[in-house]
Amino acid sequence: MKQIVLSLLANAGGVGKTTLSVHLAYEMSRRGFSVAMIDLDPQRSLDVFCGLPPAEASNTLVKVLSKDFKGNWSLVRVWQDHKVEVCQGHPLLAEIANELVIRKRGEYALSDRLKSSPLPHNLIILDCPATLGMLNVNALAASTHILVPVQLEMKAISGSAELVEWCISTAEELHLEPRPPILGFVPSMYDESVAMHRQYLEQLPEIANQLHLKLYPKVRNSNEFKNASAHGLPLQKFRPKHPACKDFKPIADDLAALIKDKKEKK
Ligand SMILES: Nc1ncnc2c1ncn2[C@@H]1O[C@H](COP(=O)(O)OP(=O)(O)OP(=O)(O)O)[C@@H](O)[C@H]1O
Ligand SMILES: [Mg+2]
């Protein structure tokens, strides 16, 4: 078994990074894999999506990234029935990010922590903020793989192409060896009744192809995603029979194959 560290990255806010994080985490845990989610977002999105009360900075990723970290990760178990744990975020992450800019090996702070104090989980999911700052550089440096949700809107699509460029150039600057591959694009919040969504979905294969990226099937738009997150639950637990629960399976299949060290499906 191989440990996979998956970053959810996008060049825009609100495109479905956190939604994808929690639903993949749940789907993978349901399949028997242990999962840790790390919240790199100063807005602590995972707290909301997991129904967690805000934590003191000393029990969050702030402690892990601080200079005097002693190796004891603070992880909170969520959703009970399977093994998913969360390292919570905190607003002070924004200050840590500034401090990392001047710290030696600041770009590698998270990567260094995961090496010196490894987590035992099969899958580690890094839920990233929308801006491509120091926290996302840290995520990239710590990742084995990257996944990019794409909203079916002009700005989000062009932003995704820029993000791919950013990943490649940043990985080069950081001398990441091996360079974390982008598993693929995931069209998010697809609403069939919106003409623009249908049109962009048709164009995405060509764009993904030009960027040599896999294109996953779409995640459909449904208000039940919002209702589920308002309850701090993934849709699979909130409405187990909802058809959108299946939308995460192809990605989970690839992640499972990677953890089992089999080649991912093309
Ligand atoms: N498939 C979907 N259908 C309907 N609503 C969705 C879907 N996916 C996400 N949402 C909603 O859209 C909003 C943004 O999603 P999410 O928080 O996952 O995006 P994000 O990229 O993590 O945002 P941020 O940049 O703020 O971190 C949330 O309210 C979420 O519940
Ligand atoms: Mg988010």
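Predicted model: local features only at pLDDT ≥ 70, side-chain atom pairs only at ≥ 80, totals over all residues.
Local features need pLDDT of at least 70, side-chain atom pairs count only at pLDDT 80 or more, and totals for chains, interfaces and linings use all residues. Residues are numbered from 1 along each chain as its sequence is written, while chains are lettered from A and ligands numbered from 1 in the order in which they are written.

Seven strands form an open sheet. Strands here are DSSP runs of E with at least two residues, and helices are runs of H or I with at least four, both numbered from the N terminus. The order is β3-β4-β2-β5-β1-β6-β7, with mixed pairing; two strands pair if DSSP finds at least two bridges between them. β3 (76-78) and β7 (182-188) are the edge strands, and each pairs on one side only. Neighbouring strands are turned by 25° against each other on average, direction ignored. β3 and β4 (residues 84-87) run antiparallel and are joined by three bridges. Arginine 77 stands opposite glutamate 85 in β4.

α1 lies across β1, β2, β4, β5, β6 and β7, and runs at about 165° to β5. α7 (residues 154-173) lies across β6 and β7, at about 165° to β6. Axes are lines fitted to C-alpha atoms, for helices over the stretch in contact; angles run from 0 to 180 degrees between N-to-C directions.

Ligand 1 is surrounded by 19 residues, counted if the C-beta atom, placed from the backbone, lies within 6 Å of the molecule. Gly13, Lys17, Thr18, Thr19 and Ala130 are the closest. α1 (17-30) and α9 (223-230) each supply at least two residues of this shell.

Terms used:
Contact = placed C-beta atoms within 7 Å.
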